[in-house]
Amino acid sequence: MRDLLKTYFGYDAFRPLQEEIIEGVLGKQDTLVIMPTGGGKSLCYQLPALRLDGLTLVISPLIALMKDQVDGLRTNGVPAEFINGSLTYAEISRVQAQAQSGALKILYLAPERLALADFRSFLGTLKVSLVAVDEAHCISEWGHDFRPDYRTLGNLRQSLPDVPFIALTATATNRVRGDIVTQLGLNRPKQFIASFDRPNLQYEVRPKRRAYEQLVRLLRERRGESAIIYCLSRKDTEELSDRLGDEGFQALPYHAGMDAGTRRLNQERFIRDEANIIAATIAFGMGIDKPDVRLVVHQELPKSLEAYYQQTGRAGRDGLPSDCVMFYSYGDKIKQDFFIDQIEDRKEKQNAQRKLDQVIEYCQLQTCRRQYLLNYFGDDSIVGGGDGEPHDCGGCDVCLAEREDFDATIIAQKILSAVIRTGERFGAGHIAQVLRGSKAERVLRLGHDKLSVYDIVDDLSDNDIRDISRLLVDRGFLYQNSEEYATLGVTEAGRTMLKERERLILARPRRSEIEVEEAVGRRRSTLEFDHGLFEKLRSLRRGIASSDGVPPYVVFGDATLQQMAHFFPQNLNSLSRISGVGAVKLNRYGDEFLAVICEYAREKGLEDRTEFSMNSRSAISGERRSGERTTTYEKTNALIQQGYSIEQASQERDLSVNTIVAHIEMLVQRGDALDLRPLLPKDDRVERIQNAFDEVGYTRLAPVKELLGEGFSYEEIRLVRAYVSQRTREISANGDK
């Protein structure tokens, strides 16, 4: 599986949980995966699909995303297709024929297809080895994005009782997880719940004062980088994109009221880096797999923390530092309250109000925003430091702000007493209402206005009491239920403090707007790279992507280009060590990227750093080690001189055939004496390969491979090119003599 991972996807190691999940899938075990956006969910079914005998079906509601994912898989050498309403009848028939013939490994389907009788009959003709249900929260009425079409998946499960199912989602509370298992009929599924933490994302809430000027400043600081700006109304998206256009930004609107053609065109222009800013309603985003979004801005409040987490999750999917900024004012709450009041169903209205209240609470925090989000999803992967101090994530505006101490003894005693007196069954908001003497209907109905703790705080706001309650949770005096209905309880430490009336000093942020902006401006460090080379590589990527008709990130992601601009690989073997460069992409794009890197390196006097700097498995296995004088290329050369075939050298050195061929190319490039004739394919194949090179040129391998067809491998094509290069050099040298 690691070999497949490197060959097709270019990675040397799995991310957390991926290996265990894949092992379970290959063992035909039903699986539920809760993993944050950008955590590598797709690989959990894409990689097993390459190993399993039959076809993997992927159910996804994201029609816009299907094509991008299929393009990415094909670019990596994986035979994949999709069927949804965007295809013609003839196109669907073609894809179905491919699936029936066994030519495909992965087939993406929209859920509504499963309701069609003739389509269910078609599925009955396939050898299905795995069913992956992406965005699985859509099957649950408790999820934030319920889709009725997903309920048909229970019938699919019944028709494929012996086929393992893997359900995947980025956002699901405990209640939603249980509903997914029930609705899909998963059989004793193994559940994998990754941390919801996205450490590369920096969270910030800003007061909504001169918000447009603040937004322009944010965008100017990130000029040329991709950004999504979420607005409340369709009109807002169009007005904002027009204003930003007048400022010189490439900004486009996106909302459900636009005609489908314009909406699709704007999305494609954003994905292909032709416009780097989208001003959008919540209609935008679920179909976006763009990994290099560096900024997500909420101009208005999201409806729930699930929606907020999902929308901010569109930033930094490639793992590089990215920012999530929300502008907040109390007036925004009034707007949302108006929409909630229009909801007729009482239960639905209460649920919407509760979710909005949680968003407001998040905006008004004086404790770590990251920890609040993680606690909401039941993730306790980050807690206080263990020394009684609140957690400092170093990646939100609260944690980055300076802090000041205050005496919290009296207010802490009042809060703890109120929690106990109300039965430890209520959240911080209700406790604040009781302490401040609120006449709220619920407070009066429960008789909490008769308690001794009622109306005993008059010098603090509800928000202040909520904030101090969270500080008491951080210090271990209160505990919080992490389910959807969060309530507070008093710990033993809290009861001891109440009884002994211990003095308590807490720290809260000292927050001026200038301090917060300066703190958030200190973006966390990442790999140092040459920005000049990075921009040249981005330009090359855009050109190739435009030529191939795919988004730029499908060619290579930003993280891969940054590694290239840090390590300066100057031959195919070095380039193959870069994370994200698999065998197929190395053959397809390697020469063009090397040409840019080598030219830049010559101009700047830069050396290839990969031989001594990288610690990947492929690098360690053959590079020069301390005390050794023989390089990895010379070891391969020695074996070839002894008469080893490429396959034998590959086994002897525990390296892939692709790497051995890369060594041979390097040896030829630097002029080593090496007889390639015993390694070449038969004469007629050599002739056909040479003719193909003569027709399309020697720069790129992919057009040659396409001209020759499936019967020829990239390795033999590269060997013939190396042989031609060697012979040309010899003839030139003899001519000079």
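Select R685 and F712. The charged end of R685 sits over the ring of F712, 4.0 Å from the ring centre. A charge counts as sitting over a ring if NZ of Lys or CZ of Arg is within 6 Å of the ring centre and within 35 degrees of the ring normal. Now select R369 and Y362: R369 lies over the face of Y362, at 5.5 Å from the ring centre.

Before going on, note that this is a predicted model, in which local features need pLDDT of at least 70 and side-chain atom pairs count only at pLDDT 80 or more, while totals for chains, interfaces and linings use all residues. Residues are numbered from 1 along each chain as its sequence is written, and side-chain values use heavy atoms, with hydrogens and water left out.

**The whole chain**

The chain has 35 helices and 17 strands. Helices (H or I, at least four residues) and strands (E, at least two) are DSSP runs, numbered from the N terminus. Of the 737 residues, 55% count as buried. Buried means under 20% relative accessible area, exposed means over 50%, and partly exposed is in between (1.4 Å probe, protein chains only). A contact means heavy atoms within 4.5 Å. Among contacts in the chain with a separation of 6 or more, 73% are between residues 24 or more positions apart.

Next, colour by pLDDT, which is the predictor's confidence in each residue, from 0 to 100. The chain averages a pLDDT of 84, and 90% of the residues score at least 70. Select residues 384-388: here the pLDDT is below 50, and the stretch has five contacts in the model beyond near neighbours in sequence. Then select residues 511-525, where pLDDT stays under 50 and the model has 38 contacts beyond four places in sequence. Where pLDDT is low, the predicted coordinates should not be read in detail.

**An aromatic cluster**

Select F196, Y309, Y376 and F377, which form one aromatic cluster. Rings of Phe, Tyr and Trp (its six-membered ring) pair if their centres lie within 6.5 Å; planes under 30 degrees apart count as stacked, over 60 as edge-to-face and the rest as tilted. By this rule there are 11 aromatic pairs. One of them is F196 with F377, a stacked pair at 4.8 Å centre to centre, with 5 degrees between the planes. F196 lies in the loop between strand 7 (190-193) and strand 8 (201-207), and F377 in the loop between helix 15 (369-376) and helix 16 (397-400), so the pair ties together parts that are 181 residues apart in sequence. Are F196 and F377 buried or exposed? Both F196 and F377 are buried.

**The nonpolar cores**

A nonpolar core is a set of buried Ala, Val, Leu, Ile, Met, Phe, Trp, Tyr and Cys residues joined through side-chain atoms within 4.5 Å. Select L107, V131, I166 and Y362: these have the most contacts inside the largest nonpolar core, which has 107 residues. Helix 3 (residues 43-51) gives the most to this core, with six residues. Apart from this core lies another, of 32 residues, including I640, I646, L667 and L674.

Zoom in on L107. Leaving aside neighbours within four places in sequence, the contacts of L107 include L55, L57, V58, F82, I83 and F122.

**A buried arginine**

Select R157, in helix 7 (residues 153-159). R157 is buried, with a relative accessible area of 11%. Which residue has a side chain joined to that of R157 by a polar contact of 2.5 Å? The partner is D30. A polar contact is a pair of N or O atoms within 3.5 Å; within protein, one must be able to donate a hydrogen and the other to accept it, and residues adjacent in sequence count only if both atoms are side-chain atoms. Not counting residues up to four places away in sequence, R157 also touches V163, F165, L184, G185, L186 and N187.

**Two loop residues with positive phi**

Select E135, in the loop between strand 5 (128-133) and helix 7. E135 has a positive phi of about 50 degrees although it is not a glycine. E135 is buried, with a relative accessible area of 14%.

Then select F568, in the loop between helix 25 (558-567) and helix 26 (572-576). Phi of F568 is near 50 degrees, a positive value in a residue other than glycine. F568 is buried, with a relative accessible area of 4%.
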